[in-house]
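Please keep the sequence and the coordinates at hand while reading.

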Amino acid sequence: MTVLDNKVPDGPIESLWDDHKFSMKLVNPSNKRKFDIIIVGTGLAGASAAATLGELGYRVKVFTFHDSPRRAHSIAAQGGINAAKNYHGDGDSVFRLFYDTVKGGDYRSREANVYRLAQVSNNIIDQCVAQGVPFAREYGGLLDNRSFGGAQVSRTFYARGQTGQQLLLGAYQALARQVKAGTVEVVTNAEMLDVVVVDGRAAGIITRDLVTGEISRHSAHATVLGTGGYSNVFYLSTNAMTCNVTAAWRAHRKGAFFANPAYTQIHPTAIPSSDEFQSKLTLMSESLRNDGRIWVPNDPDETRAAADIPESDRDYYLERRYPSFGNLAPRDISSRAAKIVVDEGKGVGPLKNGVYLDFADAIGRLGRDAVADKYGNLFDMYERITGENPYDVPMRIYPAVHYTMGGLWVDYHLQTTIPGLFAIGEANFSDHGANRLGASALMQGLADGYFVLPHTVGDYLAPQLGQPKVDTSAPEFDAAEEGVRAQIDGFLHTKGTRSVDWFHRELGKIMWDYCGMERSKVGLEKALSEIPALRAEFESDVRVLGAADTLNSSLEKAGRVADFFELGELMCKDALVREESAGGHFRVEHQTDEGEALRDDDNFAHVTAWEWTGTPAEPNEHREALDFTNVKLSTRSYK
Amino acid sequence: MATKVSERGGASAPAKRSPFLVELYRSALGKKYVMAITGIIFMGYVLAHMFGNLKLYQSAAEFNAYAEFLGTILYPIAPDGAVLNVLRVMLLGALILHVTAAFQLTQMNRNARPDSYRSKRDFVAADFAARTMRWTGVIVLLFIGYHLADFTFGWVNPAAEGATLYEKVIASFSNPAIAGFYLVANLALGLHLYHGVWSLFQSMGWNNRRFNHWRRYLAVAFTVVVVGGNLSFPIAVQVGLIS
Amino acid sequence: MNLTLRVWRQAGPDAPGRFETYQATDISEHSSFLEMLDNVNEGLIEVGEEPIEFMHDCREGICGTCGIMINGQAHGPAQSTATCQLHMRSFSDGDELVLEPWRASGFPIIKDLVVDRAAFDRIIEEGGYITVDTASAPDANLIPIPKETADFAMDAAACIGCGACVAACPNGAAQLFTAAKIAHLNVLPQGQAERYQRTEGMVDVMEEYFGSCTNMGECEAACPKGISIDFIATMNKDYRKAKSQNRRSS
């Protein structure tokens, strides 16, 4: 076990980033075009980084496995983006946003990164407005805010229920501008299948063209992964169907440490699944909790329709247990509270697998039109999916896997343990600790891409001036390409009996049962024996039809599921060694008498970063100590 | 598929520009302006034409005098028949532009979907008039040719040599086949007008959320007035209302 | 419920295509249309047939990846609904469904129901943005924007780029997609500087790939986000102005 150096400079936190920007090395404007940078992923982080690096003058090549950069899953974020603008004078500040984020993350994030995030949050809003992002406005023409879980100030900027879409389109359009200017090349339908490391540095990547099957090599002076999170390891999640861990995982296998994989966020407000064949869960924005009240019937055998159940027979359990935050308690807390009442048999709906999110009071107070104005598109979406009209009957919601706080370990420069390989956005682990607050994912993706990475990449590149990038004929590229081809051939030649989806579903069940909202030693150990067995079966019995030289989504998926197997094992391992409960990681052995998460700051105030050893069951554990000098460690209380 | 978008990149010097109207016409949007503006000219024309012809209901003398008058507009400031001929040339020019633009746009649209849907389309918004613009356009064009040969040039008119315009109208419309053809052609004109009148607001960019719903009403009203009037003439002759 | 599917199968961009008939059995009315297809694909894999390739990703109607012509309607029979949010309760037991890919020369077929919509990116690259370098922006509240204007911009910006407008248009035109982006940026104060370059550039590239508008309104009816064809009128007006403005400035 080694202790990792996070490269956070010394100094007062308020000026740390500004001072550091001054001390970092710069690449002279006319020299920037001598550097090639590869970016994988075109979500908020990838697209904003690519656009900004292109503007600066670097030669950027950006890869997406979608048919257009605009499809990245950032587009699905509904609720909003936080910033410490304090436009409403309700006492917000950079420090408060920093404080809330560290606290919301259950004191498992790195202070310096979070402070920087809070600082640049304001620049993000400025940047996005200048790009034409149509944020909601008040009648006076100024920007409107809403409140979100885990905060007592109104700091969330939003564009109806489509904030992620609008921010992503802003970044995508900035990217399109650079494409037109000739500084950025976008390669679509290209999936990254390996990172090539030469002399200990990231030298490039191997990609497969998903339409033609062509395998190609790309080299650059620096490589950036903005490839998102791994919630789909659970099979059912709110992520898009193609979201995967492959890029990050293959980097992990090449030497990048993977940090805190067990920290997964279960979002409290998704639509409960309706049957066995469900392919994904749909999120209802957390912003609904601003006006909706969450409750279940007191009686598990309740049969009356929601509207007919009198107040006295209802349990508004969040308002009861957390009077000061009520329905706006943070995500991890709200989710587990829902699980508790559903496990008690008080669930609602045909499968008794949900809780009510009721707008009757809000409609009575604000009027139907005002509610429609705020949430109309979400209500429509709910009705399309369930066939029920939430203006008349309460929504049914249940927690679903939504976001993964873990990811590739990065230092203050967002650089992984492979020099020259950077990770941004959800793909890294850095800013959210053990639990992410609502409306902070968009903030982090854009902070990394627009305002942090462009500086830190320069610091890495500056000393390399005059050095050519590695030639793609290097033996390391040969070996990487061979490995990719061998895996593809392997899948096509296994000729087993079960589909890739079948294995994915089975893996998902194991993960949800033993590494989901609650984890126990017994369960995790069980998972650690079941996953390798299922993986062995996958390797010998998967059926992938078709050919490698054409569009073949089963083949694509086989590679992703193979990586999910290895990741799933690491998640369980990570959850097992973290003998405490923190944020999205809840160990049943570690809870207070009232059933709240019980941290162990003496032994676990650290990041666990795992090193690949070649054997999934035996990763090496490393640690980064977390020092809290600006925020006092305390038990989170939202009561 | 590796789409090398950067190959398109690089800001290039602006190309030499042609005159505004030529530039505009090169684009499909410009051609739509031509369609709309010439359409407005035709709207004015068909409306005036229909109103003028209402004189059929007054008397033969009034009607013939009106026909005479059209030839002597602004006389003696302008030479006899000059204004009418200028109007005719304008209409002909508008017609050529309207048809040419329509033809070119149709070609463009065919190229935009060379491989058509194999299954039957289930249209939601496109009404019969919208989908048949090309066919009603061709019918109206053929009709214009016949109509000119019938009354303007008299080549196919059944009336005797030297007949007045009134007599020519009666002679033509007394024939059920010709009257029937006029009815069919005017129904086609109606469909064409209905979609055209609504559509020109879009093409011209005349757009205001407060008034947009009136565009449909206007299209219906205009079509009903013009086509209603036009249809009444052969019917009136056939039923003996005018003779 | 049980359904009969007639699905367009095409092995590659240049391969000939044909309809194949499949049975979808024991489908829950609560499942989504794409889950029904997943189900059919599982069955195909079981019997050793290659699964049907179709476009999909987020399955919540926002990424714009999905799109199938279902019984002659882009995204199927439900209004303002992308294929992924179409649920089987929109159909009845015993229905026959015909599934075709989007067809337009600007959207070449890749395989089965999958098409290449890169032409949309080409249109955006021609001015579908506001030029502002990172970190050069003034304070976000510096320019108040009337709520009506912001709402108008948002109405237009809601486009998900799925291509249903092109697919549904009898002329294979992309006016609704292009007009929505132009309207979003042209109405905002930030978008004024490049207003006319943007309009001319984007329309000209659009016309390289797609057909022309005959104001049928099929695009609006097919649009999963209900984007109004009023934006097309706005685009037409700005295009005319652009042609004259850009002459003067060039």
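Does A:Asp332 count as buried or exposed, and why? In this predicted model, A:Asp332 counts as buried because it has 32 C-beta neighbours inside 10 Å, where 20 or more are required. The residue belongs to helix H9 of chain A. Leaving aside residues up to four places away in sequence, A:Asp332 touches A:Gln265, A:Asn435, A:Gly583 and A:Gly584. With A:Gln265, the separation is 67 residues in sequence, whereas the C-alpha to C-alpha distance is 6.8 Å.

Chain A comprises domain 1, residues 267-401, and domain 2, residues 475-625. The C-alpha centres of these two domains of chain A are 31 Å apart. Five residues from domain 1 of chain A and four residues from domain 2 of chain A take part in the contact between them. On the domain 1 side, helix H9 of chain A, spanning residues 331-346, supplies the largest share, namely four residues. Sorted by class, that side of domain 1 of chain A has three charged residues, one polar residue and one nonpolar residue.

Elsewhere in chain A, strand S7 may be considered together with its partners. S7(A) covers residues 201-209, and seven of its nine residues are buried, so the strand is largely enclosed by the rest of the structure. Strand S6 of chain A, residues 190-198, runs antiparallel to S7(A) and is joined to it by eight bridges. Within this pairing, A:Asp194 has A:Ile206 in S7(A) as its bridge partner. S6(A) and S7(A) form a hairpin with two residues between them, and A:Asp199 in the turn has a positive phi of about 50°.

S7(A) also pairs in the antiparallel sense with strand S8 of chain A, residues 215-219, over five bridges. Here the bridge partner of A:Gly204 is A:Ser219 in S8(A). The hairpin of S7(A) and S8(A) has five residues between the strands, and A:Gly213 takes a positive phi near 80°.

Attention now turns to chain C. Its secondary structure consists of eight helices and seven strands. Along the principal axes, the C-alpha atoms of chain C fill a box of roughly 65 × 40 × 35 Å. Of the 250 residues in chain C, 64% are buried. Among contacts in chain C with a separation of 6 or more, 70% are between residues 24 or more positions apart.

Chain C, too, is divided into domains: domain 1 spans 3-110 and domain 2 spans 118-249. Their C-alpha centres lie 29 Å apart. The contact between them takes 19 residues from domain 1 of chain C and 17 residues from domain 2 of chain C. On the domain 1 side of that contact in chain C, nine residues are nonpolar, nine are polar and one is charged.

The final step is the contact between chains. Chain B contributes 45 residues and chain C contributes 46 residues to their contact. On the chain B side, the elements that give two or more residues are helix H1 (20-26), helix H2 (28-53), helix H4 (82-112), helix H5 (128-131) and helix H8 (176-204) of chain B. By class, this side of chain B has 22 nonpolar, 12 polar and 11 charged residues.

Technical notes. Residues numbered from 1 in each chain as written. Chains lettered and ligands numbered in written order. Predicted model: local features only at pLDDT ≥ 70, side-chain atom pairs only at ≥ 80, totals over all residues. Domains from an automatic or database assignment. Contact = placed C-beta atoms within 7 Å. Nonpolar A, V, L, I, M, F, W, Y, C, P; charged D, E, K, R; others polar. Buried ≥ 20, exposed ≤ 12 C-beta atoms within 10 Å, placed from the backbone. Pairing = 2+ DSSP bridges.
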